[in-house]
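Please read them with the structure open.

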Amino acid sequence: MIIDVAADPAAGITSAVEALGRGDVIAVPTETVYGLAADATNEAAVSQIFDIKRRPGFNPLICHCSDLEMVSEFATLDPVSLRLADRFWPGPMTLVLNSNPGRLPSVTTAGLTTVAIRIPMGFSNGLIRSYGRPLAAPSANISGRVSATTAAHVESEFGDGVPLILDGGPTKIGVESTILRVRENGIELLRPGGLPIELVEHAAGLQVSAPNLSRKVLAPGMLTSHYAPRAMVRLNATRVEPGETLLKFGDAILPGEGACARVFNLSPEGGLEEFAAKLYATLKEADDAGAESIAIVPIPDEGLGLAINDRLRRAAAPRTLTLGELEQAAVRNKEAR
Ligand code: TXA
Ligand code: MG
């Protein structure tokens, strides 16, 4: 069932609260992307998320809370995390925090002693507040594929596999949250996303840097090929080849545009925010139209460009994992515990 929550948020919340209480998995709009949500404290319900998404069990979920009071039941905030929370929640930021022991089933946290937490904005926040418990929610896509930014995408991804889809229209930000872990001497960027790191550095007065790879918990979002459309993807295109589909922004005309299969201009005004908001839907549209190869213009590595480039590099990466890569992931995760 699909409920239009823009038209009738109260009806959406009533049905969703019932479904969550029964232990169902439902699709919920957030300001970043759609989430596949279940009660984070219900082990059986959370296990279903992994099945529906075909997500490896070693990859922990984000717990979505309505407010800091709820967060503090499940995790402990250090002073810098608290400052970021005050400044950027509700919003597109996820903090990896030390979890309070015994509050969440290990299926939610993949057995780690930390937990990823986010307070989302808008409809999903109201839903969590009404439900009264955190929602574990990964992006609403089959593992390894492009995240859903509309209810129609969720439906085409899962069909009847998800009993309730709350349709809040296209998501505003369009890329997933920025994931941060505060350390003693700085802030680690575990995933660039909808909150630009320039803002984080300014608010915290600390540098944001890439994580220390030797201790990083390897999760599919960090594996090379992820966020992949079916079509092949070519980055930093300064010209377009015959038959290619072009994704660009701004008003410049590229050499070869006349002979290419199709041109998508995601932001004629040249804004990275608009580009990010439309990116996943455009990759899907190009896929559905049967595009074989997608060429994408260079994107500056600033503001939302960092998240866009991260997703595009993964979209362009080779599609298969070697056995070695998988083994490495398993070993590193075991060591991290
Ligand atoms: O915007 C978003 O973050 C969306 C919406 C639905 O909130 N959610 C989302 O979830 O993107 P997901 O599961 O697709 O990505 C969560 C990422 C994964 O890469 C996972 O490995 C990482 O968060 N993660 C979760 N818990 C972690 C932890 N304790 N330490 C490090 N990484 C963690
Ligand atoms: Mg995801």
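**Notes on the model**

1. Thr149 sits in the loop that runs between β8 (135–136) and α7 (151–158). Helices (H or I, at least four residues) and strands (E, at least two) are DSSP runs, numbered from the N terminus. This is a predicted model: local features need pLDDT of at least 70, side-chain atom pairs count only at pLDDT 80 or more, and totals for chains, interfaces and linings use all residues. Residues are numbered from 1 along each chain as its sequence is written, chains are lettered from A and ligands numbered from 1 in the order in which they are written, and side-chain values use heavy atoms, with hydrogens and water left out.

2. Is Thr149 buried or exposed? Thr149 counts as buried because its relative accessibility is 2%. Buried means under 20% relative accessible area, exposed over 50%, partly exposed in between (1.4 Å probe, protein chains only). Not counting residues up to four places away in sequence, Thr149 touches Val33, Tyr34, Gly169, Pro170, Thr171, Gly174, Tyr280 and Ala281. Contact here means heavy atoms within 4.5 Å.

3. Helices α9 (residues 272–288) and α10 (residues 305–316) pack at about 30 degrees, their axes 9 Å apart. Axes are lines fitted to C-alpha atoms, for helices over the stretch in contact, and angles run from 0 to 180 degrees between N-to-C directions. The angle therefore makes α9 roughly parallel to α10. Leu272, Phe275, Ala276, Leu279 and Tyr280 of α9 meet Gly305, Ile308, Arg311 and Leu312 of α10. By class, that is seven nonpolar, one polar and one charged. Ala, Val, Leu, Ile, Met, Phe, Trp, Tyr, Cys and Pro count as nonpolar, Asp, Glu, Lys and Arg as charged, and the others, Gly among them, as polar.

4. For α4 (residues 79–88) and α8 (residues 197–204), the axes come within 10 Å and cross at roughly 120 degrees. The two helices, α4 and α8, are therefore oblique to each other. Angles under 35 degrees count as roughly parallel, over 145 as roughly antiparallel, 65 to 115 as roughly perpendicular and the rest as oblique.

5. Which residues have the most contacts inside the largest nonpolar core? They are Ile26, Leu84, Ile117, Leu127 and Leu166, in a core of 67 residues. Such a core is a set of buried Ala, Val, Leu, Ile, Met, Phe, Trp, Tyr and Cys residues joined through side-chain atoms within 4.5 Å.
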